[in-house]
Amino acid sequence: MADEVVLLDTYFSMFGMRARLALAEKGIDYEYKEENLGDKSPVLLEMNPVHKKIPVLIHNGKPVCESLIIVQYIDEVWKDNSPLLPSDPYQKAQARFWADFVDKKLYDAGRRLCTTKGDELETAKKDFIEVLKLLEAELGEKPYFGGENFGFGDVALITYSNWFYSYETCGNFSAEEHCPKLMEWVKRCMGKESVSKSLADPKKIYDSILVFKKKHGFE
């Protein structure tokens with residue numbers, strides 16, 4: 001009996017893109033269901049009654065929630081193809097640490113870049129660039145965060161990269177100017193079909209942010 005895999009998601013979500021990317025890396029066929037977060041479907045509310053958020057991976061009728069947990073689940077269930085987490089316990093812990101760092105630090109600074117003005121915006125820009133520099137230092141001379149192979153840490157961060165255009169435009173700065181090696185890593189990742197086909201269009205993301213800013217008075 002074939003696995004039944006369904007993904008509840010939204011096109012622009014960097015968190016949903018992680019699930020899409022992990023499934024693409026593993027070569028897993030799945031049904032994609034776009035959610036309207038302004039009018040959440042009964043399926044989403046049933047499958048994620050605690051947070052009522054996307055993404056939700058539904059595997060043979062059973063839901064898995066939270067993007068990094070979904071990526072780990074995909075890696076464990078379909079472990080024979082393109083492993084994402086290293087087998088070494090310490091390296092695995094490091095990969096999880098940096099993935100958690102991305103969500104705690106980069107997400108917040110990016111959100112503030114899109115929703116603040118004046119001094120607050122300048123602080124957000126400073127914080128964002130600082131986080132990128134820490135990530136670039138962790139990458140070092142390695143082709144990928146996990147070393148020679150694309151892995152968990154790369155999945156966690158690369159889905160933010162197509163939001164960089166919006167962050168840079170809102171904050172009036174260049175990520176490449178501050179972190180050239182990290183931007184080379186982005187280009188390297190985008191050379192993978194699994195990545196390029198899983199990520200949303202940066203210009204469409206920016207257009208959606210403009211609508212959001214106008215609606216909430218952040219212009």
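Q: Is Tyr144 buried or exposed?
A: Buried means under 20% relative accessible area, exposed over 50%, and partly exposed in between, with a 1.4 Å probe and protein chains only. Tyr144 has 11% relative accessibility, so Tyr144 counts as buried. This is a predicted model: local features need pLDDT of at least 70, side-chain atom pairs count only at pLDDT 80 or more, and totals for chains, interfaces and linings use all residues. Side-chain values use heavy atoms, with hydrogens and water left out, and residues are numbered from 1 along each chain as its sequence is written.

Q: Which residue is exposed?
A: One of them is Lys79, with a relative accessible area of 56%. Lys79 sits in the loop between helix H3 (67-77) and helix H4 (89-115); helices are DSSP runs (H or I, at least four residues), numbered from the N terminus.

Q: How many aromatic pairs does the structure hold?
A: A pair of aromatic rings is described by the distance of the centres and the angle of the planes. Rings of Phe, Tyr and Trp (its six-membered ring) pair if their centres lie within 6.5 Å; planes under 30 degrees apart count as stacked, over 60 as edge-to-face and the rest as tilted. The structure holds 13 such pairs. In one of them, Phe128 and Phe164 have ring centres 5.8 Å apart and planes at 85°, so the pair is edge-to-face. Phe128 belongs to helix H5 (residues 118-139) and Phe164 to helix H7 (residues 164-171), so the pair ties together parts 36 residues apart in sequence.

Methods:
Helices (H or I, at least four residues) and strands (E, at least two) are DSSP runs, numbered from the N terminus.
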